[in-house]
Amino acid sequence: MGGPGGGRGQAHTLEGVVAALLLLASLVFALQSTAVTPLSASTSSQHIENQQESMADGVLSIAAEEGELLTAVVYWDESTESLHDIGGGGYANDGDYPSGFVLGDLLTESFSERGIAYNVWIQYRTPSGEQRERRLAYRGVPSDNAVTVSRVFTVYDDTPLAEADGTDDSLTVSDPGANFYMPDSSPSTDTYNTVRIELTVWRM
Amino acid sequence: MRAQTTLDFAIGMSVFLLAVVFVFTFVPGVLEPFEAGPQEETTVADRVASQLVQASMADPADPYVLGLPCTNAFFNVTTPGDAECGFDHTADLTAGDRLTDRVGVTDRQRVQVTVEADVDGDGDVHALCFDNDDKKIVEVTDSECGEAVDDDRTADTDVLYTLGDSPSDTQAVVTAQRTVDVDGHTATVVVEAW
């Protein structure tokens, strides 16, 4: 210190340290303000969602082509008033699907074996026009990155119920003895109800 | 005292530059927009997969249900003849044309297309194969698929449902998948682009 130009011997070092601290402080601030997790949105997770959506669309298309979507909707046991071989509201566990529930096998093959979870809901209308939902298969609450695809089709008054092995029952959906879960939304016509089957898939 | 200025500048600059380097290496994605990423491949894989299962191998009115004539024609290396399928069937893979010509993407893009499933129920998923003797779908591990494995892919032989080079081990490879029905079996069409 002292002398000509005294006290300036460390000026550049101090500047360098201050500038470095400034940079590190902004980095810490930026990292604290966002949380980057493996499930954060990015182009790659968008790609995965697109693939899952396309696969789900394929599953519904194949099932619709083979008539298995309708079978799944009318897969009803009139004596227990539930879906075949189940007590509760929907199928929950893999491998427990009865033989006639081909949609379940399709879902297992396409999704369960790849670590993808899925829910299947059936939406229908009451005669007063309200929308109701019923679980067909349920694996839990979907994640934020879940994708949904759906198909809409019509059930008619003379659509037969499905037996446990997938064949047609002698009872139709509109038979009083069928105790079908879905009401006739249009009693004056041959149309029974318009059903929307909704498949939600997400990565576990 | 002025004699320390050079040393002072050197220390100051190196501390600052170290901090700059540290920040750039520690924050992933700062330079991402300027780096070559698999953005192009993402789109290519997705569109090729959609095109194959909705138009090329299947009837557009009946997507995801593959038709055997067009699927076999697609995986045949020679020109598949007059089959009315939604891809460029003049592309002859034995005469210098490549899979990219058949699916309509640029030559620099490399793709592989596979149809795979577990047909024999042993729990393992393998590429599929069309057995020309019995006119049915088998897995590539099946002995019925012999001609196709020997890569004898001329007309009227077994057809192996894989086409294109093997994917790169060193580059980013983007995969697109579709669930399809082929001859009553549920299978997966896998398109890999890199």
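Let me begin with A:Thr200, which is found in strand S8, residues 191–203, of chain A. Strands here are DSSP runs of E with at least two residues, helices are runs of H or I with at least four, and both are numbered from the N terminus. The model is a predicted one, in which local features need pLDDT of at least 70 and side-chain atom pairs count only at pLDDT 80 or more, while totals for chains, interfaces and linings use all residues. Residues are numbered from 1 along each chain as its sequence is written, chains are lettered from A and ligands numbered from 1 in the order in which they are written, and side-chain values use heavy atoms, with hydrogens and water left out.

Is A:Thr200 buried or exposed? A:Thr200 is buried, at a relative accessible area of 8%. Buried means under 20% relative accessible area, exposed means over 50%, and partly exposed lies in between, with a 1.4 Å probe and protein chains only. The side chain of A:Thr200 makes a polar contact, at 3.1 Å, with the side chain of A:Thr148. A polar contact is a pair of N or O atoms within 3.5 Å; within protein, one must be able to donate a hydrogen and the other to accept it, and residues adjacent in sequence count only if both atoms are side-chain atoms. Leaving aside neighbours within four places in sequence, A:Thr200 is in contact with residues including A:Tyr118, A:Pro142 and A:Thr148, where contact means heavy atoms within 4.5 Å.

I turn to A:Asp105, placed in helix H4 of chain A. A:Asp105 is partly exposed, with a relative accessible area of 35%.

Next, chain B. Chain B has five helices and eight strands, and along the sequence they follow the pattern α-α-β-α-α-β-β-β-α-β-β-β-β. Of its 194 residues, 41% count as buried.

Finally, the interface. In total, 30 residues of chain A are in contact with 32 residues of chain B. The area buried between the two chains is about 2,700 Å², with carbon and sulfur atoms giving 58% of it; buried area is the accessible area, with a 1.4 Å probe, that two parts lose on being put together, summed over both. On the side of chain A that touches chain B, helix H1 (11–33), helix H2 (43–65) and helix H4 (102–110) each supply at least two residues. Across this interface of chain A and chain B, the rule finds eleven residue pairs in polar contact, both residues at pLDDT 80 or more.
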